[in-house]
Amino acid sequence: MAQKAGGKARIAKQFIEAIPFSKALRMCLEDIGDGRAVISMPWSEDLVGDPQSGVIHGGAVSALMDTCGGAAVMSHPDAPAGTATIDLRIDYMRPATPGQRIVARAECYNVTRSVGFVRASAHDADDARPVATAAGAFTVERPKEVKA
Amino acid sequence: MTSRPRPEPVQVIKERRDRALDLLVQGVPYTRFMGIDFDRRGDELTALMHYDEKLIGNPFLPALHGGAIASFLEVTAILGLSWQSLWDEIESGRVAPEDLTPETMPRLPKTIDFTVDYLRTGLPRDSYARARVNRSGRRYASVHVEAWQDNRARPFAQATGHFLTPGQGGGQRAGQGAGQGAGQGAGQGAGQGAGQGAGQDGGARGG
């Protein structure tokens, strides 16, 4: 998907997948553009938070949502030069099914001069019932103004 | 001569508590993956996330990844909450740490929601965090966590989370697994009932 979308998306994919922590969690940028991003993360033994059930730790899902939210902000048409998370709230609807890849979709639905507002959701193979939803605010770092 | 058992040697008490904590922490693969361990003083835990290059989110600054920070806070909250009830179980004698095995450990609380405030850039160095259980009832618990690096008075992130506690009231997967029932259901309900009324945790637990 992202490869087809052209140069900008390819650069974004390389950029996000090169982030050390995203790499450690084996995140994969599936799609990006116009303030939206889709990032997936495979199940892994390392990420298990409940040894008795094999369910992935909430922290790993937060990390996925955070990365996806940041990517959505960066891809907004009012393109900020960079972004950082101000706050992020995650609601956990149900445990993710062990063994299944988790896919996060984030949308930056509003950008002001200095803040990007994001909502996101995460699913496993059951697309009808979200594993988690999230809402967050991100900084919008503007490139240095070019004087007219 | 045998009227009253002698108090146990301090080393025995310490070993028993550390063993229970170790089982709790080492049982969670994600905690190991993140390089998080816990320092215990009495019942108080301080979490330590050892710096590692893989925790970086912005290589140019460089800064820790927001997701790594969120993970650190959530791990600290869950284990802090779980430790509090395990501590009560052990100290009251309802659970014998010698009998604890990875299979019979109490189930961990489940996160309902978790909100992280990022206050400052996380620098590429070790991080510390402490959780405070503001309320722990039969079904729900509210936990606040603060994380800092060099200076305790300047936290770089904080979070509040709500959790389903794993006792009988916790619902969801109460009946799962045959072996785990022993230490959990009834004991926990009772233990938590005591601390429930108001926020008296701080005073009552200081000793």
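Which residue in β6(A) does A:Val38 stand opposite? I looked it up: A:Val38 stands opposite A:Arg105.

**Entry: ground rules**

I am working with a predicted model, where local features need pLDDT of at least 70, side-chain atom pairs count only at pLDDT 80 or more, and totals for chains, interfaces and linings use all residues. Residues are numbered from 1 along each chain as its sequence is written, chains are lettered from A and ligands numbered from 1 in the order in which they are written, and side-chain values use heavy atoms, without hydrogens and water.

**Entry: confidence**

I checked pLDDT (the predictor's confidence in each residue, from 0 to 100). Chain A has a mean of 90, and 93% of its residues reach 70 or more. Residues 1-5 of chain A are below 50; this stretch has 8 contacts in the model beyond near neighbours in sequence. Contact means heavy atoms within 4.5 Å.

**Entry: the sheet**

I traced the strands next (DSSP runs of E, at least two residues; helices are runs of H or I, at least four; both are numbered from the N terminus). Strands pair if DSSP finds at least two bridges between them. I found an open sheet of 12 strands with antiparallel pairing. Its order is β1(A)-β2(A)-β6(A)-β7(A)-β8(A)-β5(A)-β5(B)-β8(B)-β7(B)-β6(B)-β2(B)-β1(B). The edge strands are β1 (28-33) of chain A and β1 (36-41) of chain B, and each pairs on one side only.

I then followed the pairs in chain A. β2 (36-41) and β6 (102-111) share 6 bridges. β6(A) and β7(A) pair over 8 bridges, and a hairpin of 3 residues joins them. There A:Ala106 has A:Ala120 as its bridge partner. β7(A) and β8(A) run antiparallel, joined by 8 bridges. A:Val115 stands opposite A:Thr139 in β8(A).

I looked at α3 (58-74) of chain A and α3 (66-91) of chain B. Their axes come within 8 Å and cross at roughly 155°. Axes are lines fitted to C-alpha atoms, for helices over the stretch in contact, and angles run from 0 to 180 degrees between N-to-C directions. The crossing angle makes α3(A) roughly antiparallel to α3(B). The cut-offs are under 35 degrees for roughly parallel, over 145 for roughly antiparallel, 65 to 115 for roughly perpendicular, and oblique for the rest.

Which residues of α3(A) meet α3(B)? I noted A:Gly58, A:Gly59, A:Ala60, A:Ser62, A:Ala63 and A:Asp66. They meet B:Gly66, B:Gly67, B:Ala70, B:Ser71 and B:Glu74.
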